[in-house]
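Grab a pencil and open the structure viewer.

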Amino acid sequence: MTRLIIATIWAGAALTLSAQVATDPSLQSSQPQTKPVPTAAPQATVPERAQIDEIFKQTSLGKEADERRLHIEWRQLQNQIVNEPDIVAAKRSAESARTDLEKRQRLRDYYDLYYGRMRVQARSAEMKAALDQLKIAHLSQITQARVRHETDNDLPIPSPTPKKKQKASRGKKFQGGG
C-alpha cells in the first residue's frame, strides 16, 4: 500500500515538472531532464551469520582474545593430526629409540612431520607463524648445549681439568682445639 502511494507521488511530481517545462517559453529550447523513478525504497541488508563470523575473526578483540583464538585453532588442528597413522608411528619410533642421540634425531623427524602436517592445514598466516614458533620451541628442547656438533670436529678437543680433592680435615678439628 505504501509503495503504491510513493509511486503515485513520484509520478505526480514528474508530471508537474514536465508541465512546467512545457509552459515556460524560455525553457522550451532546452532538453527536459528525465530522472529515473525509483521503484522501491532501499532496504537495509542484514549480513549472514557466516559474514558476521568472518568480520569478528578479522578484527582484533585484544591480545588475550587473539591468543585464545589461536590456542583453540591449534587444538583443533592437533586433534585432527594426532591420530594419523604415520604421526603415531613416528612418535612410537622416537619413544623406542635405543640411544639418546637416536631418540633426539627421531624426535626431530617427528616434529618436522607433525608441525608440517599442521601447517598445511592451517588457514591463517598468523596460525602458521604460531606453529613455526611452537616447532622451534619443541626442537630447542631436544638440543644438547654441551655436546659438540658434527661441524665442530675440526676444532681441538680440550683436555679435561681434574678438580683438586680436598683433604679430610676432620682430624685437625679435634686435635688442637684445647
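Axes are lines fitted to C-alpha atoms, for helices over the stretch in contact, and angles run from 0 to 180 degrees between N-to-C directions. Helices (H or I, at least four residues) are DSSP runs, numbered from the N terminus. This is a predicted model, where local features need pLDDT of at least 70, side-chain atom pairs count only at pLDDT 80 or more, and totals for chains, interfaces and linings use all residues. Residues count from 1 along each chain as its sequence is written, and side-chain values use heavy atoms, leaving out hydrogens and water.

**Exercise 1.** Work out how H4 and H5 are oriented.

Step 1: the axes of H4 (residues 85–95) and H5 (residues 100–121) come within 8 Å and cross at roughly 160°.
Step 2: angles over 145 degrees count as roughly antiparallel, so H4 is roughly antiparallel to H5.
Step 3: sort the residues of this contact (heavy atoms within 4.5 Å), and you get 7 nonpolar (Ala, Val, Leu, Ile, Met, Phe, Trp, Tyr, Cys, Pro), 1 polar and 5 charged (Asp, Glu, Lys, Arg; the others, Gly among them, are polar).

**Exercise 2.** Do likewise for H5 and H6.

Step 1: H5 and H6 (residues 125–141) pack at about 170°, with axes 10 Å apart.
Step 2: H5 and H6 are therefore roughly antiparallel too.
Step 3: the partners include Tyr111 and Met118 of H5, plus Leu131 and His138 of H6.
Step 4: by class, this contact has 6 nonpolar, 1 polar and 6 charged residues.

**Exercise 3.** Find where confidence is lowest and highest.

Solution: pLDDT (the predictor's confidence in each residue, from 0 to 100) is lowest in H1 (residues 2–23), at a mean of 55, and highest in H4, at 94.

Notes. Helices (H or I, at least four residues) and strands (E, at least two) are DSSP runs, numbered from the N terminus. Angles under 35 degrees count as roughly parallel, over 145 as roughly antiparallel, 65 to 115 as roughly perpendicular and the rest as oblique.
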